[in-house]
Amino acid sequence: TTIWLEPLPTEAASRMVDELLSVDLPAELRDLVVGRAEGNPFYVEELVGALVDAGVLERREGEWVVGEAPAGFSVPDTVHAVLAARMDRLPPTEKAALQAASVVGRSFWPGSVVHLLHGDEPDFGLLEERDFIRRAGGSPSAGEPHYAIKHALTREVAYTSIPKARRGRLHAALASWLERSEMAKDESASLLAYHYSEAVRPEDADLAWGDDPDELERLRARAVHWLRRAGELARGRYEMEEAIELLNRGIALCDDPYELALLWREVGRTQALRYDGEGMRVALLRSLEGPLDDAERADTYAFLAFQASIRSAMWSIRLNRSLIGRSRSSLRGL
């Protein structure tokens with residue numbers, strides 16, 4: 001359900017500026033902030049932050065005072081632009097840390113960010129002071145504090161500011177690091193599937209891995225593995241739409257005939273639970289075209305035979321009953 005929130009009235013936005021700063025801004029500057037924000041409270045906060053970052057507002061002896069705007073300073077036109085401008089004013093290590101954190105997710109532990117920065121230690125306190133991140137609840141990890149990026153839009157702007165070639169490598173580094181840790185478990189299958197598949201997005205793969213095709217193949221194989229496992233687990237939770245989406249993403253990335261056959265088999269089993277007879281039939285027959293071993297092939301035929309005989313009344317299509325005989329002969333051969 002979408003809830004539409006009306007923009008703040010001009011008077012309320014002005015009061016918000018007063019409460020944020022406890023200082024009387026010059027009327028021209030106040031009108032600029034309130035008018036540019038157009039009633040968006042998050043935009044008001046970010047514009048005030050931009051003024052602080054630029055030195056237009058300074059903290060002196062515990063109070064905010066209005067200083068001189070630096071040469072060339074202007075207030076950006078959109079909230080995306082003001083966020084990007086504020087990020088550009090960060091020191092290089094802290095900007096890179098915010099970008100790395102956006103790859104990890106909305107919430108993160110410092111260790112994951114430090115890993116992505118190859119051991120460089122950013123000043124998380126500065127990012128907190130500049131109001132890009134905040135302490136989050138939850139249990140600390142190995143004594144580390146837990147942070148959250150302040151706003152989903154902050155994360156989006158930080159993420160889209162990463163060049164696509166570097167973005168894929170950051171996802172790959174994070175996925176490999178998680179897999180080497182205790183995260184390589186079923187509970188983290190969706191997370192690993194996401195980061196590995198983002199690392200090898202077809203539209204960006206040449207930019208990220210054009211000079212290392214072997215690594216691209218390795219990462220694709222890991223993405224397919226975790227997408228299939230995440231799909232199986234989603235089906236076990238009866239989250240069928242998610243399962244189909246994960247498995248189809250694996251199919252789109254897969255170039256190994258055996259893995260492709262396994263993916264199609266999982267799609268067929270999932271379609272059966274969704275009561276999609278045609279989707280089930282097509283997927284399982286695609287699976288049988290692949291190099292399954294005898295046991296896997298017999299199991300697939302038996303599943304199709306079960307659907308064609310015991311559950312035939314459920315389907316709006318007529319399943320091929322010759323599969324029953326084929327499955328029995330396959331089973332006898334085992």
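This briefing describes selected features of the structure above, grouped by topic. The model is predicted: local features need pLDDT of at least 70, side-chain atom pairs count only at pLDDT 80 or more, and totals for chains, interfaces and linings use all residues. Residues are numbered from 1 along each chain as its sequence is written, and side-chain values use heavy atoms, with hydrogens and water left out. Helices (H or I, at least four residues) and strands (E, at least two) are DSSP runs, numbered from the N terminus.

**Salt bridges**

- The whole structure contains 29 salt bridges, a salt bridge being a side-chain nitrogen of Lys or Arg within 4 Å of a carboxyl oxygen of Asp or Glu.
- The relative accessible area is 13% for Lys150 and 1% for Glu46.
- Arg130 and Asp53 also meet through their side chains in a salt bridge, at 3.9 Å from N to O. Because Arg130 lies in the loop between helix H7 (124-129) and strand S4 (133-135) and Asp53 lies in helix H3, the pair ties together parts that are 77 residues apart in sequence.
- Within helix H12 (residues 213-236), Arg228 and Glu232 are four residues apart, so about one helical turn separates them. Their side chains form a salt bridge of 3.5 Å, N to O, and both residues are buried.
- Through shared partners, salt bridges join Glu45, Glu46, Asp53, Arg86, Arg130, Asp131, Arg134 and Lys150 into one network.

**The sheet**

- An open sheet is formed by three strands in the order S3-S5-S4, with antiparallel pairing; two strands pair if DSSP finds at least two bridges between them.
- Strand S3 (107-108) and S4 stand at the edges with a single partner strand each, so one side of each is left without a neighbour in the sheet.
- S3 and S5 run antiparallel and are joined by two bridges. Ser107 has Ala148 in S5 as its bridge partner.

**His195**

- His195 is located in helix H10 (residues 189-199), and its relative accessibility of 1% makes it buried.
- Leaving aside residues up to four places away in sequence, His195 touches Val103, Val104, His171, Leu174, Ala175 and Leu178, where contact means heavy atoms within 4.5 Å.

**Helix H14**

- Helix H14 (residues 257-273) has 17 residues and should span 24 Å at 1.5 Å a residue; its end C-alpha atoms are 25 Å apart, which agrees. The expected span is 1.5 Å times one less than the number of residues.
- H14 is mostly covered, with 12 of its 17 residues buried; among them are Trp264, Arg265 and Glu266.
- The cover over the buried residues of H14 includes H12, helix H13 (240-253), helix H15 (277-288) and helix H16 (294-309).
- The N-terminal end of H14 is capped by Asp256, which has a side-chain oxygen 3.2 Å from the backbone nitrogen of Tyr258.

Terms used
Buried < 20%, exposed > 50% of the residue type's maximum accessible area, 1.4 Å probe, protein only. Polar contact = N/O pair within 3.5 Å; in protein donor to acceptor, adjacent residues only side chain to side chain.
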